[in-house]
Amino acid sequence: MTLHFLRITRRLATAALLTATMVGCGDKAATPEAVTPATASTPLALEKSEIKLGFIKLTDMVPLAIAYEKGYFEDEGLFVTLEAQANWKVLLDRVISGELDGAHMLSGQPLGATIGFGTKADIITAFAMDLNGNAITVANTVWDEMKPNVPMEDGKPVHPIRADALKPVIEARKAEGESFKMGMVFPVSTHNYELRYWLAAAGIHPGFYAPQRGDVSGQLLADVLLSVTPPPQMPATLEAGTILGYSVGEPWNQQAVFRGIGVPVIADIDIRNNVSEKVLGVSQAWADKNPKTHIAMVKALIRAGHWLDANDNANREEAARIISASTYVGADYEVIANSMTGVFEYEKGDVRPAPDFNVFFRYHATYPYTSDAVWYLTQMRRWGQIPDAKPDSWYLETAKKVFRADIYQQAAEALIADGVMQASDFPDFASETGFRPVTHTTFIDGHGYDGRQPNAYLEQFDIGLKGDDTP
């Protein structure tokens, strides 16, 4: 019997129970709340129970798949359709238009939309889907040119590999009149900011955006030309020679290794670690109209994140098998498992431990921290997507408007009240400020980050806008 069949059977049984209760108790008691469900959690009286959520074919969509496959959505009275989307722009547009109730989003997407970069719409998130999970891959030819510049130990490259090893490769090609092109997945993506951070830490300028002058290419003054490529198309675009490297989530770095076309040189946990990577995004209008449904969705996804990290990632092999299906990520299990199960393969055969490559629950990964949102806003300012100076108060107010810890707290407290999870699973809501400790995140350039002082943080960088600079 398939999980799908089990879910249909349970749904019909619940509907029959509701009907029987309504007939037996008369109109006064004829409400869904009067029914004790045979589930692990207590469904709310939902405004909407049929939900369509979008996702991109990436490993970190897995909380959605697990909430679906394990019946956590149904435990909350939600009947969910998960639908793969062509790219991040289409996904965002369909959430804004209402074609999707919500979606797996880049953490920067709700923030970018809210401040009006690329599009203007009020999008919020009350659930962070994961931390980390990305890497930067270069073509084999580029790796061959980089390798003489990489420190070696016992015949293996010393990690993390800094972009200093790439700099002479870029300069040599520039001297021959050749542009160095790399791919990232979306202008406000984690991948764009991580790639820029890695390059700039080595003195390589990744270019500015200048939206006030109509230039949204992000290539102003650039040493490396970064452009958008949808995640599943990265390996083919690299193989075609259109780009020489890329920054993307899994399994598209490991697939380059399996296909023998590229080498992941650094994972994002070595560029900057443990900052929100993807979120569940919904429109503000949808959240206002469906507050209980929103909380129910977050409850189900919290349980999925908890399952994914339980017992030192003991469930990851099962998760990798689930999302290898064509309806989810659609890549070979071995490719997905390479990063999901605590290791990561760099140069072919160079497999190294990476237990935090994907984090779905520990370190309070699912909590929408204000400081994580502020970090994304600092990167938008650093690279010109926010072209004008803003006071620290603007960063904090914008972050809190978009990253809705208050909604997350309601969902968490409901799970505790249901007896499904423990208070110790979550931040201490009585004292939680929404700002991670400065020591929580380390950066490849050694700079510290205090989310309460975004402008002081920006002052540390040699490359990037700060103060009253404009691109």
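1. Start with the bridge at Ile 123: its partner in β14 is Ser 283. That pair belongs to β4 (residues 123–132) and β14 (residues 276–283), which run antiparallel and share 6 bridges. Strands count as paired here if DSSP finds at least two bridges between them, and the elements are DSSP runs numbered from the N terminus (helices H or I, at least four residues; strands E, at least two).

2. Before going on, some ground rules: this is a predicted model, where local features need pLDDT of at least 70, side-chain atom pairs count only at pLDDT 80 or more, and totals for chains, interfaces and linings use all residues. Residues are numbered from 1 along each chain as its sequence is written, and side-chain values use heavy atoms, with hydrogens and water left out.

3. Zooming out, β4 and β14 sit in an open sheet of 6 strands with mixed pairing, in the order β2-β1-β3-β14-β4-β17. At the edges are β2 (79–84) and β17 (358–359), each pairing on one side only. Helix α12 (residues 291–313) packs on this sheet and touches β1 (50–55), β4, β14 and β17; a contact is heavy atoms within 4.5 Å. The direction of α12 makes about 5 degrees with that of β4. Axes are lines fitted to C-alpha atoms, for helices over the stretch in contact, with angles from 0 to 180 degrees between N-to-C directions.

4. Next, α2 (residues 62–69) against α13 (residues 316–323): the angle is about 95 degrees and the axes are 10 Å apart. That makes α2 roughly perpendicular to α13 (under 35 degrees is roughly parallel, over 145 roughly antiparallel, 65 to 115 roughly perpendicular, the rest oblique). Val 62, Ala 65, Ile 66 and Glu 69 of α2 meet Ala 319, Ile 322 and Ile 323 of α13.

5. The other helix pair is α15 (residues 370–382) with α16 (residues 392–402), whose axes come within 9 Å and cross at roughly 125 degrees. That makes α15 oblique to α16. Among the residues in this contact are Leu 377 and Arg 381 of α15, plus Trp 394 and Tyr 395 of α16.

6. On confidence: mean pLDDT (the predictor's per-residue confidence, from 0 to 100) is 91 for the protein chain, and 91% of its residues reach 70 or more. Watch residues 1–6, though, where pLDDT stays under 50 and the model has 3 contacts beyond four places in sequence. Residues 8–39 are also below 50, with 16 contacts beyond near neighbours in sequence. Where pLDDT is low, the predicted coordinates should not be read in detail.
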